[in-house]
Amino acid sequence: RDDDDINDVASMAGVNLHEESARIMATNSDLVGTQIQSCKDEPFLATIPLHKRILETAKKLGITDVPAEVVTFISHATQNRLRTVIEKVTVITQHRMETYKDDEWYEQATDVRSQLKFFEQLERLEKQRKDEQEREILLKAAKSRSRQEDPEQARLKQKAKEMQQQELAQMRQRDANLTALAAIGPRKKRKLDAPGLLTIGEGVGVCGASQAGLGTASPRQYPRQKITRVNLRDFIFYMEQEREMSRSLLLYRALLK
């Protein structure tokens, strides 16, 4: 009789109970039959060492008893603080690693790397020119056949002889390397995109590849996880921006490293 009254009320309100139950089962089908319970509050830091450290600090202030709730609260506060620091330093690192080379809203004003390469090339050419001049002087000294040779002339001849021996040794080494490479033959590159090769990412497993007569399959290609590397400079920049750490001893110690 009570069910009839409920059905009458639902029908009077224009609600179909069968449709509503079917809609609830369709939308929350993954939650039906599951039990939800609160997780155990696990502290971030080790409780016993942290409690001892807090007691040591509290005794200096005349406090003899520190309840366990205080230890848990400090542990959670430390976890929250550490999470905040890591998030901010990560943002700083990501800003540092951003490149605006391909951005249409930026144009390149200076290129220090190209300038350094140009100067290095100039130094290389200058060194090569000096080496050629020294080589010509040594060759002229080696070809001279004067009867009365001074010690400087003898030294130049000895140096020219050593230079020729060194050049000859380099040429022999180069010829030996070329001969060894010719004996080995051209290196065969591994064919990754062979027509009969089946990969796991295409929906065919190892068993499917062996059934097809291949015997082996290419290894699973996992996506590489992007790693953000934070260095000391990023952390120093973070401490300089924070009001609590801008004048701290930790910042000065980091600057001295």
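Biologist: Read along the sequence, what pattern does the protein chain follow?

Modeller: The pattern of the protein chain is α-α-α-α-α-α-α-α-α, with 9 helices and 0 strands. Helices (H or I, at least four residues) and strands (E, at least two) are DSSP runs, numbered from the N terminus. Please keep in mind that this is a predicted model, in which local features need pLDDT of at least 70 and side-chain atom pairs count only at pLDDT 80 or more, while totals for chains, interfaces and linings use all residues. Residues are numbered from 1 along each chain as its sequence is written, and side-chain values use heavy atoms, with hydrogens and water left out.

Biologist: What percentage of the residues of the protein chain count as buried?

Modeller: Buried means under 20% relative accessible area, exposed over 50%, and partly exposed in between (1.4 Å probe, protein chains only). Of the 257 residues of the protein chain, 11% count as buried. The chain exposes about 23800 Å², and carbon and sulfur atoms supply 54% of this area, which comes from the Shrake-Rupley method with a 1.4 Å probe, where for residues only the protein chains shown count as cover.

Biologist: Among contacts between residues at least 6 apart in sequence, what percentage join residues at least 24 apart?

Modeller: A contact means heavy atoms within 4.5 Å, and among the contacts in the protein chain between residues at least 6 apart in sequence, 43% join residues at least 24 apart.

Biologist: At what angle do the axes of helix α3 and α4 cross?

Modeller: Two packed helices are described by the angle between their axes and the distance between the axes. Here, the axes of helix α3 (residues 47–60) and α4 come within 10 Å and cross at roughly 105°. Axes are lines fitted to C-alpha atoms, for helices over the stretch in contact, and angles run from 0 to 180 degrees between N-to-C directions. Because angles under 35 degrees count as roughly parallel, over 145 as roughly antiparallel, 65 to 115 as roughly perpendicular and the rest as oblique, α3 and α4 are roughly perpendicular to each other. On the α3 side the contact is made by T47, L50, H51 and I54, and on the α4 side by V71, I74 and S75. These residues divide into 4 nonpolar, 3 polar and no charged, where Ala, Val, Leu, Ile, Met, Phe, Trp, Tyr, Cys and Pro count as nonpolar, Asp, Glu, Lys and Arg as charged, and the others, Gly among them, as polar.

Biologist: Where is the place of P67?

Modeller: P67 sits in the loop between α3 and α4 and counts as partly exposed, at 39% relative accessibility. P67 and H51 are 16 residues apart in sequence, and their C-alpha atoms are 9.0 Å apart in space.

Biologist: How many residues apart in sequence are I86 and V230?

Modeller: I86 and V230 are 144 residues apart in sequence, yet 9.4 Å apart in space, C-alpha to C-alpha. I86 is found in helix α4 and is partly exposed, with a relative accessible area of 48%. V91 also belongs to helix α4 (residues 68–97) and counts as partly exposed at 41% relative accessibility.

Biologist: Is D234 buried or exposed?

Modeller: At 3% relative accessibility, D234 counts as buried; its place is in helix α8. Not counting residues up to four places away in sequence, D234 touches V89, I92, T93, R96 and R229.

Biologist: How many aromatic pairs does the count come to?

Modeller: A pair of aromatic rings is described by the distance of the centres and the angle of the planes. Rings of Phe, Tyr and Trp (its six-membered ring) pair if their centres lie within 6.5 Å; planes under 30 degrees apart count as stacked, over 60 as edge-to-face and the rest as tilted. The count comes to 2 aromatic pairs. One of them, F235 and Y238, is tilted, with 5.9 Å centre to centre and 40° between the planes.
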